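Colleague: I am new to this structure and would like to go through it by question and answer. Could you put it on the screen?

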Amino acid sequence: MKLGRLNHIGVATPSLEFSIAYYRDVMGATITHEPFDLPAQGVKVCFVDTPGENGTDGTQIELIEPLGENSPIHGFIAKNPAGGQHHMCYEVPDIHEAKAWFEGLGKKVLGEPRIGAHGTLIFFVHPKDMNGVLTEIMETPKGDH
């Protein structure tokens, strides 16, 4: 089993509107996608693309705002009122193979695979088992995402 490319970096924010403006106006984001609600995960999401070099795409940032007090992001924002880096997401060709591989290594997988913001299956691995970083594992999207 081998991890694929870094798909995105998740950044929790108390305000998508403020964060979109920041990434566009200060950080030079070249594409801002439309925000959308992901009620199953308790979040509102917006992807922004950073500029690339020499014809390449930049890194995608997933901005995540809690949808109410029951959102798993709500606690993160309570501890980090300005928001901050929440997770890193890597692609894999087969989500079930990846889950079995991480579990075989003794890593704590947080829940069963479920549909994520890109419309593909995802799961998270506990930060204590991933060098302190909450890690999202995502099945490589099929098509244009």
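Colleague: At what distance does a polar contact join the side chains of His118 and Asn7?

Modeller: A word first on the source: this is a predicted model. His118 lies in the loop between β7 and β8. The polar contact that joins its side chain to that of Asn7 has a length of 3.1 Å.

Colleague: Is His118 buried or exposed?

Modeller: A residue counts as buried under 20% relative accessible area. His118 has a relative accessibility of 8%, so it is buried.

Colleague: Where is Gln60, and which side chains does its own side chain join by polar contacts of 2.8 Å and 3.2 Å?

Modeller: Gln60 is placed in strand β5, residues 60–66. Its relative accessibility is 11%, so Gln60 counts as buried. Setting aside neighbours within four places in sequence, Gln60 is in contact with residues including Asn7, His33, Phe47, Asp49 and His118. The polar contact of 2.8 Å is with Asp49, and the one of 3.2 Å is with His118.

Colleague: Turning to α3, which of its residues are buried, and why are they on the same side of the helix?

Modeller: The buried residues in α3 are Ile95, Ala98, Lys99 and Phe102. They are on the same side because the arc they cover around the axis is only 100°.

Colleague: Which residues are exposed on the other side of α3?

Modeller: The buried residues of α3 pack against β6, β7, β8 and β9. On the other side of the helix, the exposed residues are His96 and Gly104.

Colleague: At the start of α3, which backbone nitrogen does a side-chain oxygen of Asp94 reach?

Modeller: The side-chain oxygen of Asp94 comes to within 3.0 Å of a backbone nitrogen at the start of α3. That nitrogen belongs to His96.

Colleague: And just after α3, which residue takes a positive phi?

Modeller: The phi in question is about 85°. The residue just after α3 that takes it is Gly106.

Colleague: Where is Pro93, and which residues does it touch beyond those up to four places away in sequence?

Modeller: Pro93 is in the loop between β6 (84–92) and α3 (95–104). The cut-off for exposed is over 50% relative accessible area. Pro93 is at 63% relative accessibility, so it counts as exposed. Leaving out residues up to four places away in sequence, Pro93 touches Glu139, Thr140 and Lys142.

Colleague: How many salt bridges are there?

Modeller: Side chains of opposite charge can pair when their charged atoms come close. A side-chain nitrogen of Lys or Arg has to be within 4 Å of a carboxyl oxygen of Asp or Glu. By this rule, the number of salt bridges is four.

Colleague: Which residue forms a salt bridge with Glu91, and how many residues apart in sequence are the parts that the pair ties together?

Modeller: Glu91 meets Arg5 in a salt bridge, with 3.1 Å from N to O. Glu91 is in strand β6 and Arg5 is in the segment before β1, so the pair ties together parts whose separation in sequence is 86 residues. Glu91 is buried at 7% relative accessible area, whereas Arg5 is partly exposed at 48%.

Colleague: Which residues are linked with Lys99 in a network of salt bridges?

Modeller: The side chains of Lys99 and Glu112 meet in a salt bridge of 3.5 Å, N to O. Lys99 lies in helix α3 and Glu112 in strand β7, so this pair ties together parts 13 residues apart in sequence. Lys99 is buried at 11% relative accessible area, and Glu112 is exposed at 55%. The residues linked with Lys99 in the network are Glu103 and Glu112.

Colleague: How far apart are the closest N and O atoms in the salt bridge of Asp25 with Arg24?

Modeller: Asp25 is exposed, with a relative accessible area of 54%, and Arg24 is partly exposed at 42%. Between the two, the closest N and O atoms are separated by 2.8 Å.

Note on methods:
Residues are numbered from 1 along each chain as its sequence is written. This is a predicted model: local features need pLDDT of at least 70, side-chain atom pairs count only at pLDDT 80 or more; totals for chains, interfaces and linings use all residues. Side-chain values use heavy atoms; hydrogens and water are left out. Helices (H or I, at least four residues) and strands (E, at least two) are DSSP runs, numbered from the N terminus. Buried means under 20% relative accessible area, exposed over 50%, partly exposed in between (1.4 Å probe, protein chains only). Contact means heavy atoms within 4.5 Å. A polar contact is a pair of N or O atoms within 3.5 Å; within protein, one must be able to donate a hydrogen and the other to accept it, and residues adjacent in sequence count only if both atoms are side-chain atoms. The arc is that of the directions from the helix axis to the C-beta atoms.
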